[in-house]
Amino acid sequence: MGVIEVEGLRKEYRRLRGGRTIAVGGLDLEVPEGGVFGFLGPNGAGKTTTIRCLLGLVRPTSGRVRLLGAPVPAGLAGVCDRVGSIVEQPAFVPRFSGRRNLEILARLRGLPSAAIDRVLERVGLADRQGDPVGAYSLGMKQRLGIAAALLKDPALLVLDEPANGLDPAGIVEVRDLLRSLGREGRTVFVSSHLLSEVQQVADRVAILARGRAVSAGRVDEVLAGVRGRGFVVRVDDPAAARAALADAGFAVELDGRELRVEASTEHGAAITRALAERGLYLSELRPVGGDLEAAFLELTREEDPRG
Ligand SMILES: Nc1ncnc2c1ncn2[C@@H]1O[C@H](COP(=O)(O)OP(=O)(O)OP(=O)(O)O)[C@@H](O)[C@H]1O
Ligand SMILES: [Mg+2]
């Protein structure tokens, strides 16, 4: 059983001038217990909408969501003590200290003040707890938000783009924090439109494009499912080049005006030679990596309307 289970989730919004936006269009997702799960997708892919559906903040058009085994929204009250989240920028009172802000939240939720020391320590804000939040850097505010989400010591943490807007140092801070939270046996579900933010922390990822999961699984599995390393080749006569490369023993595919050749980096010279021997001269020979970035770009690439 997954900590988060989503089946056929669909959320449509009505447009002002008629028609509908399909924010999420038939999403299936299973997030196992423990570790960091990266929920990746470009802007507008439907990440925030999915998270809102998970947390019962909006009603799905159709589909099924379960959180820690409980159906959403009917069973949410029974599990919400074990789920911490940040969806919008967390709102704090700027002239109150970080500690005072957390005290207010803890009191509202009936949590002991011991929890405050624990979470401040956990997110590395213990020494700045007395400063007004208005004087915090963006990264510190973000960590205070995570501290607030940790107050109830949740088994599941759902964070929508916690590193958004942070500078590289802030991103590293948040990333280190997420990684260590995932190692404590919690499940950390974190969305991002930047692969680099989650590639190094996530054990598993789901890649979302246009409201659907285009790939999901362990990071290495997602990589293996994508075309391997190779080259993109451009020549004037792709059909002739394809034949030449196939004759030279390369696995080659025609992709529009481009050829994709499966080969390791050191085969660039052999590709050039095979083509030149047939009087075909390259206008471009570009290596394409087998890394997650390449996979992400390929999987989320908008379909070329020209076909
Ligand atoms: N309340 C709403 N009313 C109308 N359309 C909405 C609403 N919320 C989201 N949408 C639309 O649904 C689609 C998905 O939006 P969503 O915010 O879920 O994407 P996202 O993956 O979180 O993007 P981003 O990376 O920019 O945060 C977009 O086309 C968006 O315009
Ligand atoms: Mg969003």
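# Close-up views of the structure

**Figure 1. Helix H6 (168-183), strand E8 (187-192) and helix H7 (195-199) each contribute at least two residues to the lining of the largest cavity.** The model shown here, as in the other views, is predicted. A search of the whole structure for cavities of 30 Å³ or more finds 1. The volume of the largest cavity is about 60 Å³. Its lining is made up of Pro162, Ala163, Ile171, Val174, Arg175, Leu178, Val190, Ser191, Ser192, Glu197 and Val198. H6 provides the largest share of this lining, with 4 residues. Sorted by class, the residues that line the largest cavity are 7 nonpolar, 2 polar and 2 charged.

Figure 2. Which strand and which helix each supply at least two residues of the lining? They are strand E6 (83-86) and helix H5 (138-150). E6 accounts for the largest share of the lining, namely 4 residues. The lining of the second largest pocket comprises 14 nonpolar, 3 polar and 3 charged residues.

**Figure 3. Helix H3 (residues 98-108) packs with H5 at an angle of about 30°.** Two packed helices are described by the angle between their axes together with the distance between those axes. For H3 and H5, the axes are 10 Å apart. An angle under 35 degrees counts as roughly parallel, and H3 and H5 are therefore roughly parallel to each other. The crossing in which H3 passes H5 is right-handed. H5 is also one of the elements that supply at least two residues to the lining of the second largest pocket.

**Figure 4. Helix H4 (residues 114-122) crosses H3 at roughly 135°.** The axes of H3 and H4 come within 10 Å of each other. The crossing of H3 and H4 is right-handed.

**Figure 5. H4 packs with H5 at an angle of about 140°.** The axes of H4 and H5 lie 9 Å apart. Roughly antiparallel helices would need an angle over 145 degrees; H4 and H5 are therefore oblique to each other. The crossing of H4 and H5 is right-handed.

**Figure 6. A cis peptide bond joins Val72 and Pro73.** The omega angle of this bond is about 5°. Where is Pro73 placed? Pro73 belongs to the loop that runs between strand E5 (70-71) and helix H2 (76-79). As background, most peptide bonds are trans, and most residues other than glycine have a negative phi.

**Figure 7. Asp153 has a positive phi although it is a residue other than glycine.** The value of phi for Asp153 is near 55°. Asp153 is located in the loop between H5 and strand E7 (156-160).

**Figure 8. Two domains, domain 1 (4-224) and domain 2 (230-289), divide the protein.** How many Å separate the centres of domain 1 and domain 2? Taken over C-alpha atoms, the centres of domain 1 and domain 2 are separated by 44 Å.

Technical notes:
Residues numbered from 1 in each chain as written. Chains lettered and ligands numbered in written order. Predicted model: local features only at pLDDT ≥ 70, side-chain atom pairs only at ≥ 80, totals over all residues. Heavy atoms only, no water. Domains from an automatic or database assignment. Nonpolar A, V, L, I, M, F, W, Y, C, P; charged D, E, K, R; others polar. Axes fitted to C-alpha atoms, helices over the stretch in contact; angles between N-to-C directions. Parallel < 35°, antiparallel > 145°, perpendicular 65-115°, else oblique. Left-handed = near helix turned anticlockwise from the far one by under 90°. 1 Å grid on protein atoms, 1.4 Å probe; cavity = no way out; pocket = protein on both sides within 12 Å on 5 of 7 lines; lining within 4 Å. Points joined across faces, edges and corners; volume = space filled by probe spheres on them.
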